[in-house]
Amino acid sequence: MQFWAGLLAAACVLQGATGMNAHAQQKFPVKPIRIVASTTAGSQPDGLARFITQKMSETWGVPVVMDNRPGGSGTLAAGPVAKAAPDGYTLLYVLPNFVISTGMLTSLPYDPVKDFTGVAQIGVSTNIIVAAPSLGVKSLKDFVALAQAQPGKMIFSTSAAGSAANLSGVRFNRAAGLKVIHVAFKGGPDSMIEVLGGRAHYHLGTLGVTIPYIKDGKLTPLAVTTPQRTPVLPDVPTLGEIYAEFQRPETSHGLVVPTGTPRAVIEQLSRETLRIVNSPGMKERMQLIGFVGTPGGADEYTKILRAQIEAMGKLVRDAGLRGK
């Protein structure tokens, strides 16, 4: 009898220890988290991402750090994340170049669909079409009429070929039936300077960069690319009000993890990200730069991201940009 009682007691102790071990294994996070982004430090996406890392760190009491790896059309950031341990401690901050590069580049060091799983969608950058005040146009309708009357004479400037702004510009020119001279520059600010200097007639770039010049009357705002008007410039229409293909965003910002990350960890990361995106502090930051919050959960964002990859791949192929 004593033997069986002792055996039962040992089994209970073992069961309790196993339960405690399982609980310890389920606890997350217990070490620093790294969020990798393909943008430079100090950029607008970097600022939003760092706000998220700061709030995550405050919630969980562990360091959550940014790892900026710009270049390579986003592959320098996405590649290491795809190969990272699927444990939730390495995330990728997804920018439009993640989606666009899948259509532009003939080979990638990862599979953008199979190697990543969505955590949360964050939102959409506001791009805007601006024109030189010297053109004398006050609306997009007036601008399109002027450009159509001068085929091949208008000079259009954007950031580098394959960027979100570049592809939005390609779509706009096609939708409006414009034949223009399209010049791509290394970055959006360089492209905008061409219009400010009178060397280009119009530009499509981020609202956050152009807004100071719009307010000073040095650039004329014509339309924003987001589905809704921006509260920063409520009188400026959206392209979707005129062209149906712009009624939904082409790309968005979000967080992903390597495929194979435990579901419980993904859900915890997702809940915290969505809490931050919906917080007053984040909303205020987004509004200042014309960023539209479109928070979405893990499964929703995974589906959205895959649909964006397919749609942007087709756009890149149709625009003849694949392999450049």
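Welcome to the tour: this structure holds ten salt bridges, a salt bridge being a side-chain nitrogen of Lys or Arg within 4 Å of a carboxyl oxygen of Asp or Glu. The model is predicted, so local features need pLDDT of at least 70 and side-chain atom pairs count only at pLDDT 80 or more, while totals for chains, interfaces and linings use all residues. Residues are numbered from 1 along each chain as its sequence is written, and side-chain values use heavy atoms, leaving out hydrogens and water.

**Stop 1: the sheet**

Select β2, β1, β3, β10, β4 and β11, and you will see six strands forming an open sheet in that order, with mixed pairing. Strands here are DSSP runs of E with at least two residues, helices are runs of H or I with at least four, and both are numbered from the N terminus. Two strands pair if DSSP finds at least two bridges between them. Strands of a sheet pair through backbone hydrogen bonds, either parallel or antiparallel.

Which strands stand at the edges? They are β2 (64-68) and β11 (292-296); each has a single partner strand, so one side of each is left without a neighbour in the sheet. From one strand to the next, the twist averages 25 degrees.

Now zoom in on β1 and β3, which run parallel and are joined by four bridges. Pick R34 and you will find its bridge partner T90 in β3. R34 also belongs to a network of salt bridges that links it with D67 and R69.

**Stop 2: helix α3**

Next, select residues 75-83, helix α3, and colour its buried residues: T75, A77, A78, G79, V81 and A82. Buried means under 20% relative accessible area, exposed over 50%, and partly exposed in between, using a 1.4 Å probe and protein chains only. What do these residues pack against? Their neighbours are β1 (33-37), β3 (90-94), α4 (96-104), β4 (116-124) and β10 (253-258), where contact means heavy atoms within 4.5 Å.

**Stop 3: a pair in helix α2**

Show the side chains of E58 and K55, which meet in a salt bridge at 3.5 Å, N to O. Being three residues apart in helix α2 (residues 44-60), the two are separated by about one helical turn. An α-helix has 3.6 residues a turn, so residues three or four places apart point the same way. E58 counts as exposed at 51% relative accessibility, and K55 as partly exposed at 24%.

**Stop 4: helix α9 and R263**

Move on to helix α9 (residues 263-277). This helix lies across β3, β4, β10 and β11, running at about 5 degrees to β4; axes are lines fitted to C-alpha atoms, for helices over the stretch in contact, and angles run from 0 to 180 degrees between N-to-C directions.

Click R263, which is partly exposed at 41%. It forms a salt bridge with E267, with the closest N and O atoms 3.1 Å apart. Both lie in α9, four residues apart, and E267 is partly exposed at 34%.

R263 also meets D299 in a salt bridge of 3.0 Å, N to O. D299 lies in helix α11 (residues 298-318), so the pair ties together parts that are 36 residues apart in sequence.

**Last stop: T210**

Finish in helix α8 (residues 207-215) by selecting T210. Is T210 buried or exposed? It is buried, with a relative accessible area of 0%. The T210 side chain reaches the backbone oxygen of T206 at 3.2 Å. Not counting residues up to four places away in sequence, T210 touches I128, M192, H203 and L219.

How values were computed:
Polar contact = N/O pair within 3.5 Å; in protein donor to acceptor, adjacent residues only side chain to side chain.
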